[in-house]
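Please keep the sequence and the coordinates at hand while reading.

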Amino acid sequence: MKDIIRLPQELGDAIKLERKAGKLKATDIATRSGRARNVLYRLERGEDVTVGSLLDILRAMGLTIRLERLGMPSLEDVQRRFAQDDDDAA
């Protein structure tokens with residue numbers, strides 16, 4: 001998946017890529033998220049959906065969002081980020 005997403009279309013493309021890579025059916029995601037399949041398709045096309053819909057769909061796919069500051073991270077930011085990833089893997 002692309003590390004940095006700045007546009008709705010990039011988010012939609014990343015979600016679609018993850019769905020296909022995980023062999024997830026749109027109907028299954030819709031059922032698990034409690035959202036209509038059309039909402040998922042709109043999201044994958046980069047169209048506007050509610051934040052609640054986005055989070056429900058990501059949760060149904062086993063994905064999450066991480067917010068980070070734009071620009072180059074400091075050495076401390078990188079160390080903290082990878083320490084968190086190590087903690088998550090444990």
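The model is predicted, so local features need pLDDT of at least 70 and side-chain atom pairs count only at pLDDT 80 or more, while totals for chains, interfaces and linings use all residues. Residues are numbered from 1 along each chain as its sequence is written, and side-chain values use heavy atoms, with hydrogens and water left out.

**Helix faces**

Helices here are DSSP runs (H or I, at least four residues), numbered from the N terminus. In helix H2, residues 26-33, the buried residues (under 20% relative accessible area, with a 1.4 Å probe and protein chains only; exposed means over 50%) are Ala26, Ile29, Ala30 and Ser33. Viewed down the axis of H2, these buried residues fall within an arc of 100° (taken from the directions from the helix axis to the C-beta atoms), so they line one face of the helix. Thr31 and Arg32, on the other side of H2, are exposed. The cover over the buried residues of H2 includes helix H1 (8-21), helix H3 (37-44) and helix H4 (51-60). After H2 comes Gly34, which has a positive phi near 75°.

H3 has Val39, Leu40, Leu43 and Glu44 buried. Around the axis they cover an arc of only 135°, which puts them on the same side of H3. An α-helix has 3.6 residues a turn, so residues three or four places apart point the same way. The buried residues of H3 pack against H1, H2 and H4, and just after H3, Gly46 takes a positive phi of about 85°.

**The nonpolar core**

A nonpolar core is a set of buried Ala, Val, Leu, Ile, Met, Phe, Trp, Tyr and Cys residues joined through side-chain atoms within 4.5 Å. The largest one has 11 residues, namely Ile15, Ala26, Ile29, Val39, Leu40, Leu43, Leu54, Ile57, Leu58, Ala60 and Met61. H2, H3 and H4 each supply at least two residues of this core, and its largest share, four residues, comes from H4. Ile15 is in contact (heavy atoms within 4.5 Å) with Leu40, Leu43, Glu44, Leu54, Leu58 and Met61, when residues up to four places away in sequence are not counted.

**Helix pairs**

Axes are lines fitted to C-alpha atoms over the stretch in contact, and angles run from 0 to 180 degrees between N-to-C directions.

| Helix pair | Angle | Axis distance |
|---|---|---|
| H1 and H3 | about 120° | 7 Å |
| H3 and H4 | about 95° | 11 Å |

Angles under 35 degrees count as roughly parallel, over 145 as roughly antiparallel, 65 to 115 as roughly perpendicular and the rest as oblique. H1 and H3 are therefore oblique to each other. Their contact is made by Gln9, Leu11, Gly12, Asp13, Ile15, Lys16 and Arg19 of H1 together with Leu40, Tyr41, Leu43 and Glu44 of H3.

H3 and H4, by their angle, are therefore roughly perpendicular to each other. In this pair the contact is made by Val39, Leu40 and Leu43 of H3 and by Ser53, Leu54 and Ile57 of H4.

**A loop residue**

Leu70 lies in the loop between H4 and helix H5 (75-89). Leu70 is exposed, with a relative accessible area of 72%. Leu70 and Ile4 are 66 residues apart in sequence, and their C-alpha atoms are 9.3 Å apart in space.
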